[in-house]
Amino acid sequence: MLLSKGNLVLAACLAVLGCKDSGDSGGRQVLEPRGSQVDLSQTSAGFFAHYTRVNSVDIPEKITGPYADIIVNLEGKGKLVFARDHSYRPVWHFGNNSNPVAHLADISSDANTRFDKSNDFSYVRILEQSDEKVVIHWRYFPKANTKMGRDPEGVVHEIYTITRDGNVTRLYRPGTDTITGWDVRRGAIIQTMRLTENGIADVQNKSGELQAGVSQGNGNAIVNYTPPGLPVAHWKFDEGEGTSTVESLKSATGYIDSHGGDWVAGVSGSALFLTVIDQQWWSRRMRHPYLRRLFLLKPGLI
């Protein structure tokens, strides 16, 4: 089936951005073609979010699609705008005024600063919308450069849940050094605020962490075990913390070099928890020739 140019753009947006057409959104417009200028001082009827393109002084149109930005419309109150001019940092527009949402990450507070200059490491998307709420996901790197762009600890995810009465719940989640840290939302902050005709009000913060991570102290009892025969090497993984483990027979130190590894309570003492198919680590000062090179541990073998 051949698609017209306009339908092709819509189909691409539906596939890549997860947009919904008016048939799936109760008649609300989700995709808004860009005109010569998006008026941020006036609200439209209703409560909805849509993809559009907000004019930018120094971002050429030719490198930006027509649905690069997101506007959340709150009738009678204003518009919450996630645009490239601020690396998608949300800005509340009310009347002829605007108020950026304060950074929780270590970024300059200058409202006009696009900290990710070319927005290579930032994006925003609509996760959900209904008659009662809109959910927006903003992902970015506070230190937006090639090196940090590959660092799982350098990324930040923020989830905004906006209700039609202007209440906002913001979940701030920085990257963590272990998967367990991510699972318990280490460093997370829950922020609430109200979007009003006069600006942003009633901002409050609280911890968004779920629970403390597993440590050596709450591991299981260590079981005395003698391997049958003479193994080439024997790791007990009873350290319970840190980025290294000591081999029992020759006291060689193995260094854990994986973002996915973490310590948990094991069958005996503690254990190294792996969440991907292969995790790499290096054992130094090991005399056996087969153990001097880089090798893989399977999670099912731990």
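**Aromatic contacts and an open antiparallel sheet**

Phe115, Trp138 and Tyr140 form one aromatic cluster. Rings of Phe, Tyr and Trp (its six-membered ring) pair if their centres lie within 6.5 Å; planes under 30 degrees apart count as stacked, over 60 as edge-to-face and the rest as tilted. The model is predicted: local features need pLDDT of at least 70, side-chain atom pairs count only at pLDDT 80 or more, and totals for chains, interfaces and linings use all residues. Residues are numbered from 1 along each chain as its sequence is written, and side-chain values use heavy atoms, with hydrogens and water left out.

The protein has two helices and 17 strands. Helices (H or I, at least four residues) and strands (E, at least two) are DSSP runs, numbered from the N terminus. Of the 302 residues in the protein, 40% are buried. Buried means under 20% relative accessible area, exposed means over 50%, and partly exposed lies in between (1.4 Å probe, protein chains only). Contact means heavy atoms within 4.5 Å. Among contacts between residues at least 6 apart in sequence, 46% join residues at least 24 apart.

Six strands build an open sheet in the order β6-β7-β8-β9-β10-β11. Their pairing is antiparallel. The edge strands are β6 (123–129) and β11 (199–207), and each pairs on one side only. On average, neighbouring strands of this sheet are turned by 20 degrees against each other, direction ignored. Axes here are lines fitted to C-alpha atoms, for helices over the stretch in contact, and angles run from 0 to 180 degrees between N-to-C directions. Two strands pair if DSSP finds at least two bridges between them. Strands of a sheet pair through backbone hydrogen bonds, either parallel or antiparallel.

Strand β10 (residues 189–196) has bridges to both β9 and β11. Six bridges join β9 (residues 167–174) to β10, and these strands run antiparallel. Asparagine 167 has arginine 194 in β10 as its bridge partner. Seven bridges join β10 to β11, again in antiparallel fashion. Threonine 192 is bridged to glutamine 204 in β11. Threonine 196 stands opposite glycine 199 in β11. β10 and β11 form a hairpin, with two residues between them.

A search of the whole structure finds four aromatic pairs. The ring centres of phenylalanine 82 and tyrosine 160 are 5.6 Å apart and the planes stand at 75 degrees, so this pair is edge-to-face. The pair links distant parts of the chain, 78 residues apart. Phenylalanine 82 lies in strand β3 (residues 78–82), and tyrosine 160 in strand β8 (residues 156–163). Both phenylalanine 82 and tyrosine 160 are buried. For phenylalanine 121 and phenylalanine 141, the ring centres are 6.0 Å apart and the planes are at 65 degrees, so this pair is also edge-to-face. Phenylalanine 121 belongs to the loop between β5 (97–100) and β6. Phenylalanine 141 belongs to the loop between β7 (133–140) and β8. The two are 20 residues apart, and their pair links distant parts of the chain. Phenylalanine 121 and phenylalanine 141 are buried.

A charged side chain also meets an aromatic ring. Arginine 173 lies over the face of tryptophan 182, at 3.6 Å from the ring centre. A charge sits over a ring if NZ of Lys or CZ of Arg is within 6 Å of the ring centre and within 35 degrees of the ring normal.

Serine 87 is in the loop between β3 and β4 (90–94). Phi of serine 87 is near 55 degrees, a positive value in a residue other than glycine. Serine 87 is buried, with a relative accessible area of 0%. Tyrosine 88 is in the loop between β3 and β4 too. Its phi is near 70 degrees, a positive value in a residue other than glycine. Tyrosine 88 is buried, with a relative accessible area of 9%. Glycine 242 is in the loop between β11 and β12 (244–246). Not counting residues up to four places away in sequence, glycine 242 touches Ile256 and Trp263. Glycine 242 and tyrosine 255 are 13 residues apart in sequence and 9.4 Å apart in space, C-alpha to C-alpha.
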